[in-house]
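User: I would like to learn how to read charges, strands and backbone angles in a model like this one. Could you take me through them with cases?

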Protein chains: 8
Amino acid sequence: MDTSYLDLGFARVDVDREARQGVPEVVYGPGKTAGQIAGIVTALLHHNQGPVLVTRVGADVAEAVGREVPGGHYDAEARLLAWRPAPQRTFALGVVAAGTSDRPVAAEARAVATTIGLATTAWHDVGVAALDRVLAIKDELRRQDALIVVAGMEGALASVVGGLVACPVIAVPTSTGYGASLEGVTALLAMHASCAAGVTVVNIDSGFGAAMAAHRLDRSRRDRP
Amino acid sequence: MDTSYLDLGFARVDVDREARQGVPEVVYGPGKTAGQIAGIVTALLHHNQGPVLVTRVGADVAEAVGREVPGGHYDAEARLLAWRPAPQRTFALGVVAAGTSDRPVAAEARAVATTIGLATTAWHDVGVAALDRVLAIKDELRRQDALIVVAGMEGALASVVGGLVACPVIAVPTSTGYGASLEGVTALLAMHASCAAGVTVVNIDSGFGAAMAAHRLDRSRRDRP
Amino acid sequence: MDTSYLDLGFARVDVDREARQGVPEVVYGPGKTAGQIAGIVTALLHHNQGPVLVTRVGADVAEAVGREVPGGHYDAEARLLAWRPAPQRTFALGVVAAGTSDRPVAAEARAVATTIGLATTAWHDVGVAALDRVLAIKDELRRQDALIVVAGMEGALASVVGGLVACPVIAVPTSTGYGASLEGVTALLAMHASCAAGVTVVNIDSGFGAAMAAHRLDRSRRDRP
Amino acid sequence: MDTSYLDLGFARVDVDREARQGVPEVVYGPGKTAGQIAGIVTALLHHNQGPVLVTRVGADVAEAVGREVPGGHYDAEARLLAWRPAPQRTFALGVVAAGTSDRPVAAEARAVATTIGLATTAWHDVGVAALDRVLAIKDELRRQDALIVVAGMEGALASVVGGLVACPVIAVPTSTGYGASLEGVTALLAMHASCAAGVTVVNIDSGFGAAMAAHRLDRSRRDRP
Amino acid sequence: MDTSYLDLGFARVDVDREARQGVPEVVYGPGKTAGQIAGIVTALLHHNQGPVLVTRVGADVAEAVGREVPGGHYDAEARLLAWRPAPQRTFALGVVAAGTSDRPVAAEARAVATTIGLATTAWHDVGVAALDRVLAIKDELRRQDALIVVAGMEGALASVVGGLVACPVIAVPTSTGYGASLEGVTALLAMHASCAAGVTVVNIDSGFGAAMAAHRLDRSRRDRP
Amino acid sequence: MDTSYLDLGFARVDVDREARQGVPEVVYGPGKTAGQIAGIVTALLHHNQGPVLVTRVGADVAEAVGREVPGGHYDAEARLLAWRPAPQRTFALGVVAAGTSDRPVAAEARAVATTIGLATTAWHDVGVAALDRVLAIKDELRRQDALIVVAGMEGALASVVGGLVACPVIAVPTSTGYGASLEGVTALLAMHASCAAGVTVVNIDSGFGAAMAAHRLDRSRRDRP
Amino acid sequence: MDTSYLDLGFARVDVDREARQGVPEVVYGPGKTAGQIAGIVTALLHHNQGPVLVTRVGADVAEAVGREVPGGHYDAEARLLAWRPAPQRTFALGVVAAGTSDRPVAAEARAVATTIGLATTAWHDVGVAALDRVLAIKDELRRQDALIVVAGMEGALASVVGGLVACPVIAVPTSTGYGASLEGVTALLAMHASCAAGVTVVNIDSGFGAAMAAHRLDRSRRDRP
Amino acid sequence: MDTSYLDLGFARVDVDREARQGVPEVVYGPGKTAGQIAGIVTALLHHNQGPVLVTRVGADVAEAVGREVPGGHYDAEARLLAWRPAPQRTFALGVVAAGTSDRPVAAEARAVATTIGLATTAWHDVGVAALDRVLAIKDELRRQDALIVVAGMEGALASVVGGLVACPVIAVPTSTGYGASLEGVTALLAMHASCAAGVTVVNIDSGFGAAMAAHRLDRSRRDRP
């Protein structure tokens, strides 16, 4: 069998994922107690060599887990708890966020990507209502290996950036906005309907998903000489 | 009573609308026979002084109506049938369309506006996936009294144009696109969630509604010295 | 470059917007700390001449910001914090609200419009279930340069007012109501489907968006002799 | 047992419905062959005394059924095929339709109501964009025992009429309109969210349902001395 | 003018509604302060003869209003505050509720109806999953002048009752249930799609709307000799 | 490996499914040419012992396939093409349909079930608007091993039958109806929200899915002594 | 009459359900007071012989009810309160859950099933992102008489398990996940669209409904020799 | 200016896109005449060096265009018309499709990718209802640089493949299926809610979008040494 898992009773830890996909299984925090998280993290640290991450975890739980499993680092804006960050590789990942309200999602994308070894640069408050803010960083954007575009409301930034650069663009709709924003559904649909060819989309508010998509890009490049 | 109407049996014609709003009632073509349209048009021509318009009418019906009520002009792309166009006024209305598929809606907006006396200029195929197409006409856009922005898919052009100009921007979502475009609903929602302040929106594919909104702008300006 | 911005680290302030659109960038309050708001407001006051506004801000945050940046005025019903209001111009803007529950949205529209220099008049509790309340103010409505119509539930007031007046009508659906109101989505759709030609619509509960649309109308008029 | 039915093999005819509800079962035409319809109608004529109706039936099928079951009358606009109309009673039912496109639905309501014995009056093209068309018939509307209001688009006519009269108002949303009308769903939701208290609603395009609701009203009145 | 209103500054009271529709304007509680409610109630009591009602009001607010306007009665389950109940008339209104969770909505329907003078009878917990509970009261249901059917989840009770009785059936979908119930939207749609002809529907959770529809029925009967 | 498939180039036939689930893979007709269907059917007949079925196939295609693969039987109402029907087993499956428009879906359920060896009985036109039609067959329904309930519109029949019997009830929503029926989505949601415990649901119009669910029931019973 | 109920004033207890369906009526906790629950439970215990269950009840209410009606057992994870559990029968029911967040729903399914006498086995954290976790238990799954599959997010586990086993598969979508998960609606729709034939679905988060569906399976098997 | 375009009157051709993104602008066929397509293609061939593609074009239009612009190749299954295909590069792109109905979308993805120079391999009919079909190609899938997964219905294949491989996975939901599939919307939502981390999604039926996303991956790899 080329995959195996560890049964902790309350969870089946996929300890083979690191071998299969290059990064150990990432723990989704909501709905788990500090004790359960600590147990899973301990198992992952023991059976893998790479970074271990817990996403969407509040400060209180993070502190409780940290007491049981020392050596972790907590990023409050990203709500990410992590141990054993990977050494930085040469993959240049840009994170572009449309508004100040999109910062937490962008922060999660950046923190996850950095922890698993990607070199990230972030630009905030780059909305299309003032195009100069986009155009001013056009050359920098073009120097990235891939871009994560984080935007709520109508999500137009994904189309604009997608048209400016040649590299992979991963769009993250956010639940920013009110009324017709429909808690991110409008941005998700709009990004799919984008007139910029080849833009791909992940789930609403999923900075984590975007970072993992970037990881796949990097992994694919390294696997080929 | 400051309003009155004419009862044709199959329709109540609002012959007072010209006095009330500056343009005679406009006839919505679908679901009416050529005979009914001809009857309403005849009444409107008789009881009003200004232009008489029938929207969304196919070539066959237009020809049949034209035989009964001479003097009309039919615009096939706009699907507009019109009599007695108003003399052109000084209101400069720009019509900007995102893609070639948005042309029929833009054509309706332009034809209606021209018929009721606005001076229109149109730009087609100005999608945000190639920003230079927008930036190249930025100065021309800024010289307009108002802009109608026609876009389907994700509708991002409304946000981008809305951020570039100071004048009123009337956004028309179109049913262009497929899948996540949801026949124009995505563009409608996205235009409402737009990060560009003060952009207003009309119904999906309603070039007519946008032109009438522009008419209200012009009317308001003329009413005040 | 004809546009520029100021990078405060946590935000990129579009200090050129006043030159471009006639009003400095307006700060959207939710998700920002009092310190961040104060920083942005200070920058805007320094780099622009006109009014500086913060929308959707609660009393507590408003007070904290006020301690750091003196001279502001807080409107509790509108939840608007503002400095350096513009001198009143001759543009007559009417704000008509359907029910008492629609007051906060109407208040935001009026407060924003007044702060940027429009002369506003407001009518409240003008629902179509008692048409006399509408008909009684018909002549006053017709004396306005533009009207903002604020209504939740089925939003029928927009159609009724749109049919009575010739000036621009900006409809604001509100999240008033329950059940089939779908938190404003029903009113938004209904206003778009309105049988009154040329009515335009802004986002749900966006008194701010309606006021900015009115600003564009005023700006367009002033730009032309 | 106080109810019984007749099994024709392809259908179970509820021959007891006349005793239970005052009108024989009404046949829904779509999906049935002319032969099946003729069979059901023959059974209903035989086992009941009152009117027998087939709704939503095209001219071709109506003619074929008519050849097998003589004595019927076909109303092409209402698409109703009927035998043995009931004598007219004193219940005064008004049918008010907003636009010319709503005529077929209003015609179905009126034809069904007339066939089952109600005295109907109809007004067409009474949209709220020209309030005078509504106000002009206010007194006539107030003389009805009940009103059916047929409207598509935003359905505002139901609210306006509901506020003018004291009698029961049955609103019928229609699939008239395009874009944000969502094939009648917007009108249905808007009529439910109506600010006029006590308006009730039936299914989209269901002139039949509205007429049957009126029948229940009439039946309830007659049952009580 | 045959209608008039009273302007309290924060509200326009439709004091003519009693003359127009037989019951004074009913006050919708949410979003109003105790002081505002007291003001409106005082005006209504002064300018009308009939019952004055405030709906959806909590115990705290009810008590505060009661201190300012004595003589009212508060029904906690119905959340209704009322003054000057009308003498009972001979109209027999049945209220049938599907589950125990539907009680508050049924209570509102009954309390409003009773206050405006209808004679009501209520049956609770009459779900179709145990048909005997419905069949057991069939004869009683058939003795009513009209029925209000309150049901959440799939709303099937409206179809079943609609098929059993000949009188008007007013269906009230409730937000009872979870998941696929979609907070009442499923029941609302299902009640409209009902196979029982002539059932009408009001807004989700609107016991008030159903009672007012019953009032219109009663009013219509009394107006005709 | 305990599963295997056959690669025909244009399709991978799951020839092991009979061993795994007791019935060979069933061919979904739409989108396949007569030639492709004939190829798959030939392979299935060759590699399996049991019945081979093609669903949702029109008469023309069925005839063309039949010329290439003799021995099949075509059921026009069910649109099912089948070879080598299984011998009938003792599992008694009832199929109950609400209206005559639901017949084709019920026919598919019955034809598929019969072909794979279940003993089926069908009742048509058993709507809840005439409860006696349901109550009259109550005892027969209770004698079945499982029931398939086919209903469109509001789907109330599933709740009513679910409350009457103890055996498994498989509900099939159909796209019958118009307007608020939303092409079957309303019935699907309503069936899920059903107040009758333990009713399960399959996809809209999927008579096939319901029959296969019944096959799983029968299979489970036979597997255990 | 073959069914009867007990009227407690605030509820009509269906005391005949045990005779009709093999298990007494199950009490749905939300919206009922501890006193009401105790009253219903007492009546059910008195008029039936089998297990009495209250679902979705919190610890506080459970304790209060327990003080009034001794002998019950409370399962905190399942939020189930139960008296007089049935002796275990030979029906082997497997419960498979996709993620740790789906545990509460799986726990409800298992606790209800165990209480009514089914022999249950549960597997947790069996997501399809690590197929080995599914494949490792394939043989165990195939030994069950029926399977309940609990999954949120995209619900793919239902398709995968449905393809592996021949027995009945009851899928329970859960509200696990965020964004595009739409609180379980996506999983519900996806499970219906499943490519695995014969999978049936119950309401979102309804572990109870799935267990009752399994009860129907068991009941059907026992009824036949 | 680093971008420029060519104005053909009916279209603005983005002739700079090849320099900016590595592939000339791709022409979207629907809504354009053969003459317009020929004009745009001629301009693109003249101003660029790389491949020129027209998507979603029927056989008739393709033939007409081919007569005007020789040298093109038409792929009927993919509905793609192309000139001057790029030489094949070393990027290995796998295309995996769930069902035979998904073939046209997979064909578009493959044809576009091949034309722009990627080395593609395709697997069809790899549904998760027979996992062996997926597992049998696991090793081949792991040898690809990126994978496009095409699936309708519930779209579960994206989760399963996403969990098996480490490379980028681009999921394409298709409009295959009926009922709860909601014309691809269910698959789109389900793919976003996928439990496999780092899967990205493009628009419904957009084989073109997926191929362009793969192009971005390849481009990014080549740009970096």
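User: Is the side chain of E:E183 buried or exposed?
Analyst: E:E183 is exposed, with a relative accessible area of 64%; buried means under 20% relative accessible area, exposed over 50%, and partly exposed in between, with a 1.4 Å probe and protein chains only. This is a predicted model, in which local features need pLDDT of at least 70 and side-chain atom pairs count only at pLDDT 80 or more, whereas totals for chains, interfaces and linings use all residues. Residues are numbered from 1 along each chain as its sequence is written, chains are lettered from A and ligands numbered from 1 in the order in which they are written, and side-chain values use heavy atoms, with hydrogens and water left out.

User: Where does E:E183 lie in chain E, and which residues gather with it in a patch?
Analyst: E:E183 is found in the loop between β10 (169–173) and α8 (185–192) of chain E, helices (H or I, at least four residues) and strands (E, at least two) being DSSP runs numbered from the N terminus. On the surface, E:E183 gathers with A:E183, C:E183 and G:E183 in a patch of negative charge; patch residues have over 30% relative accessible area and no salt bridge, with like charges joined within 9 Å.

User: How should I read a salt bridge, and how many does the structure hold?
Analyst: Side chains of opposite charge can pair when their charged atoms come close. Over all chains the structure holds 66 salt bridges, each being a side-chain nitrogen of Lys or Arg within 4 Å of a carboxyl oxygen of Asp or Glu. In one of them, C:E25 pairs with A:R133, with the closest N and O atoms 4.0 Å apart. The pair joins two chains, because C:E25 lies in the loop between α1 (17–21) and β3 (27–28) of chain C and A:R133 in helix α5 (residues 131–135) of chain A. C:E25 counts as buried at 15% relative accessibility, and A:R133 counts as buried at 4%.

User: What separates H:R67 and H:E63 in their helix?
Analyst: H:R67 and H:E63 are separated by about one helical turn, because they are four residues apart in helix α3 (residues 59–68) of chain H. Their side chains meet in a salt bridge at 3.3 Å, N to O; H:R67 counts as exposed at 60% relative accessibility, and H:E63 also counts as exposed, at 52%. In chain C, by contrast, the salt bridge of C:R17 and C:D14 (2.8 Å, N to O) is made by two buried residues. In chain A, the residues A:D14, A:D16, A:R17 and A:R20 are linked in a network of salt bridges.

User: In what order do the four strands of the open sheet in chain G run?
Analyst: Strands of a sheet pair through backbone hydrogen bonds, either parallel or antiparallel. The order in chain G is β3-β4-β6-β5, with mixed pairing, where two strands pair if DSSP finds at least two bridges between them. The edge strands of chain G are β3 (27–28) and β5 (73–75), each of which pairs on one side only. Strands β4 (residues 52–55) and β6 (residues 80–83) of chain G run antiparallel and are joined by three bridges, and G:L53 stands opposite G:A82 there.

User: Which phi value does G:R56 take?
Analyst: Most residues other than glycine have a negative phi. Phi of G:R56, however, is positive, near 55°, and this residue sits in the loop between β4 and α3 (59–68) of chain G. B:R56 likewise has a positive phi of about 55°, in the loop between β4 (52–55) and α3 (59–68) of chain B.

Methods
Patches are made of residues with over 30% relative accessible area and no salt bridge: like charges are joined within 9 Å, nonpolar side chains (Val, Leu, Ile, Met, Phe, Trp, Tyr) within 5 Å. Accessible areas come from the Shrake-Rupley method with a 1.4 Å probe; for residues, only the protein chains shown count as cover. Lys and Arg count as positive and Asp and Glu as negative; His and the chain ends are not counted. The place of a charge is taken as NZ of Lys, CZ of Arg, CG of Asp or CD of Glu.
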